[in-house]
Amino acid sequence: KPGEQKHSKEPSSLQCMHLAVVACGDRLEETLIMLKSALLFSNSRLCFHIFAEDSLKPEFEKKLKEWPSSYTKKFEYNIYPITFSVGNAQEWKKLFKPCAAQRLFLPVILKDVDSLLYVDTDVLFLRPIDDIWHILTEFNSTQLAAMAPEHEIPKIGWYSRFARHPYYGTTGVNSGVMLMNLTRIRNTQFKNSMIPSGLTWEEMLYPLYQKYKNYITWGDQDLLNIIFYFNPECLYVFPCQWNYRPDHCMYGSNCKGAEEEGVSILHGNRGVYHDDKQPTFKALYEVIRDFPFEDNLFQSLYYPLQSKFLDTVHTLCGRIPQVFLKQIEKTMKKVYENRVIVYLGANHRY
């Protein structure tokens with residue numbers, strides 16, 4: 001029925017998994033490497049929603065068209081200008097990192113998209129997006145977004161030590177990887193600290209920012225923490241291997257899920273792909289960046305990665321290479337097996 005919330009067990013738009021990213025400033029290359037990692041490992045068709053400054057649009061179009069047709073046929077894309085539907089656009093644009101607040105407006109802008117995975121530009125997929133997309137089917141009737149905790153250990157977490165505003169749970173959540181049921185977000189009245197009755201997502205954003213702007217450090221992530229503090233029933237919390245950051249290994253290994261299953265999504269925040277502070281993160285970024293699309297994954301991606309990791313064993317994150325390699329290895333075995341089965345099947349027909 002019109003306006004009725006969907007509670008089906010299967011997310012809609014099954015033909016296409018929607019992936020959104022916001023790119024401003026010098027984030028063109030990072031964004032392209034992130035999209036490349038999504039394509040390399042995913043099974044289903046992808047729809048990319050790229051929000052970018054006007055100056056970056058021609059470059060995105062040029063680079064995406066250069067990718068081989070065997071890959072370009074697996075995705076479609078749209079490039080959007082940076083826009084903010086409520087409040088002061090310049091204020092939103094300068095909040096935390098350039099344009100990052102754009103993610104808050106995705107439910108308002110992408111009115112025809114039911115569900116979406118938002119990621120920061122400095123994210124790398126080490127397994128198919130299909131696997132995180134499936135988490136949408138695990139939402140209960142009130143959940144409308146999913147994020148990972150900001151930290152695993154409250155006594156060394158940032159929010160639990162320094163936050164001057166409400167935040168979700170005991171350690172807050174990190175918004176670098178955020179799965180969203182946009183239909184539910186658009187249809188929900190959110191509890192808040194401003195008026196007794198509920199507000200829609202769009203109605204709530206600017207007043208909430210005005211109320212807390214002197215207390216927030218991490219921009220839009222802090223606003224999301226405030227929203228889900230007042231609406232905890234709306235959030236599904238997924239484990240740390242879906243948003244694995246340097247914090248999970250630089251103070252000793254503290255992401256149990258990654259130790260058991262391997263890293264699913266790598267989040268190289270604080271610029272670690274571009275300096276020498278975390279060589280393990282940098283190695284993964286460079287190997288995916290340099291991988292020639294049509295080459296053999298084992299030969300041109302997995303083996304170079306293994307040899308680069310040998311140079312990082314003296315670092316805290318480099319001491320646990322299996323954590324970084326486990327999912328990639330598993331994914332590549334599946335790709336290889338599928339190709340062999342398809343090849344054998346084709347041969348048996350003749």
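1. The centres of domain 1 and domain 2, taken over C-alpha atoms, are separated by 23 Å. Please keep in mind that this is a predicted model. According to the domain assignment, domain 1 covers 17-238 and domain 2 covers 241-345. Domain 1 brings 32 residues to the contact, and domain 2 brings 31 residues.

2. How much area is buried between domain 1 and domain 2? The figure is about 3100 Å², with carbon and sulfur atoms giving 64% of it.

3. Next, a helix pair. Helix H1 (residues 28-41) packs with helix H12 (residues 279-290) at an angle of about 75°, and their axes are 9 Å apart. Angles of 65 to 115 degrees count as roughly perpendicular, and H1 and H12 are therefore roughly perpendicular to each other. From H1, the contact uses Glu29, Glu30, Ile33, Lys36, Ser37 and Leu40; from H12, it uses Tyr285, Ile288, Arg289 and Asp290. Sorted by class, the contact of H1 with H12 has 5 charged, 4 nonpolar and 1 polar residues.

4. You will find it in the loop between strand S9 (265-267) and H12. Most residues other than glycine have a negative phi.

5. Finally, a word on confidence. The protein has an average pLDDT of 89, and 92% of the residues score at least 70. Over residues 1-14, however, the pLDDT is below 50. In the model, this stretch has 20 contacts beyond near neighbours in sequence.

Definitions and conventions
Residues numbered from 1 in each chain as written. Predicted model: local features only at pLDDT ≥ 70, side-chain atom pairs only at ≥ 80, totals over all residues. Heavy atoms only, no water. Axes fitted to C-alpha atoms, helices over the stretch in contact; angles between N-to-C directions. Helix = DSSP H or I, 4+ residues; strand = E, 2+ residues; numbered from the N terminus. Parallel < 35°, antiparallel > 145°, perpendicular 65-115°, else oblique. Contact = heavy atoms within 4.5 Å. Nonpolar A, V, L, I, M, F, W, Y, C, P; charged D, E, K, R; others polar. pLDDT = per-residue confidence, 0-100. Domains from an automatic or database assignment. Buried area = accessible area lost by both parts, 1.4 Å probe.
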